[in-house]
Amino acid sequence: MEQILLRLKDTFDPSTIASVSGPTSLYGGFILGSLLGIILQKGRLCKYDVVSGMFRLQDFTFWRIGTPLLMIGMIAVFLFKDLGIIELHVPATVVLAQLFGGIIFGAGLAIAGYCPAIAAGSLGEGHLDAFATMLGIVVGSIIYAEIFDGSKLDHIVGFINLGKVTFPDIFLVFNHWFFVLGFAFMCIAFLVGISMYDEFLRASFMIVDKVSGKLKK
């Protein structure tokens, strides 16, 4: 227990974070995190109803804001890389771990109505229910670090490691811009699709209201 508390103290020590990622990355993370928080708050994404409405296919605000962000972010990253402004540091693609992690993350997001960024933004707005999610994130991270790191479970979950590859590498695309433009086209088609579905839902609800109103008369 004493070792766990010491590790926690080191983890939240600013000098430890700066020594791991460098002071420039620390300030850069703070600035980018603040910008993301502004986008989430102005986009009304720090609300439980908006996130839970996405999983019930009744509120598409999250997808309408998140999909263009993904598309623009992908284009900007590859453009800056080609211009030599940035350098990509791709993490390893571990299929089994990322598959399980994605399922657990999605289930947690659907149940709690918050992801880590949205929970922090919601707590900043004064929604106290987000505190339970923030507490769960911290406790879950500690449990993961104590149980999985260096254990047999860590080796099992680390099965099927493809290394540090990107999607263009996996799909053997000789020019990554073909993949980027294909992804942008899919995003635009997705946005058009959810807009059409949204209109269909509105029209359906209006018809149901009219029919039920006539039946009551």
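## Aromatic pairs

Six aromatic pairs turn up in a search of the whole structure. Rings of Phe, Tyr and Trp (its six-membered ring) pair if their centres lie within 6.5 Å; planes under 30 degrees apart are stacked, over 60 edge-to-face, and the rest tilted. Phe60 and Trp63 form a stacked pair, with 5.8 Å centre to centre and 20° between the planes. Phe60 counts as buried because its relative accessibility is 2%. Trp63 is partly exposed, with a relative accessible area of 24%. The cut-offs are under 20% for buried, over 50% for exposed, and partly exposed in between (1.4 Å probe, protein chains only).

Phe171 and Phe179 are also stacked, at 6.3 Å centre to centre and 20° between the planes. Phe171 counts as exposed, at 52% relative accessibility. Ring pairs also link Phe60, Trp63, Phe190 and Tyr197 into a cluster.

## Model and numbering

This is a predicted model: local features need pLDDT of at least 70, side-chain atom pairs count only at pLDDT 80 or more, and totals for chains, interfaces and linings use all residues. Residues are numbered from 1 along each chain as its sequence is written, and side-chain values use heavy atoms, with hydrogens and water left out.

## Fold

The protein has 11 helices and zero strands. Helices (H or I, at least four residues) and strands (E, at least two) are DSSP runs, numbered from the N terminus. Of the 217 residues in the protein, 18% are buried.

## Nonpolar patch

Val77, Leu79, Phe80, Leu83, Ile85, Ile86 and Leu88 make a nonpolar surface patch of about 580 Å². Patch residues have over 30% relative accessible area and no salt bridge; nonpolar side chains (Val, Leu, Ile, Met, Phe, Trp, Tyr) are joined within 5 Å, like charges within 9 Å. A salt bridge puts a side-chain nitrogen of Lys or Arg within 4 Å of a carboxyl oxygen of Asp or Glu. Phe80 sits in helix H5 (residues 61-82). At 36% relative accessibility, Phe80 counts as partly exposed.

## Largest pocket

The largest pocket holds about 760 Å³ of space. A pocket is an open set of points on a 1 Å grid where a 1.4 Å probe fits, with protein on both sides within 12 Å along at least five of seven lines; lining residues have an atom within 4 Å of a point. Of its 21 lining residues, Gly101, Ile104, Phe105, Gly140 and Ser141 are the closest to the centre.

Helices H6 (95-112), H8 (130-148) and H9 (152-157) each give two or more residues to the lining. H6 supplies the largest share, eight residues.

Definitions and conventions:
Areas by Shrake-Rupley, 256 points an atom, 1.4 Å probe, with all protein chains shown as cover. Points joined across faces, edges and corners; volume = space filled by probe spheres on them.
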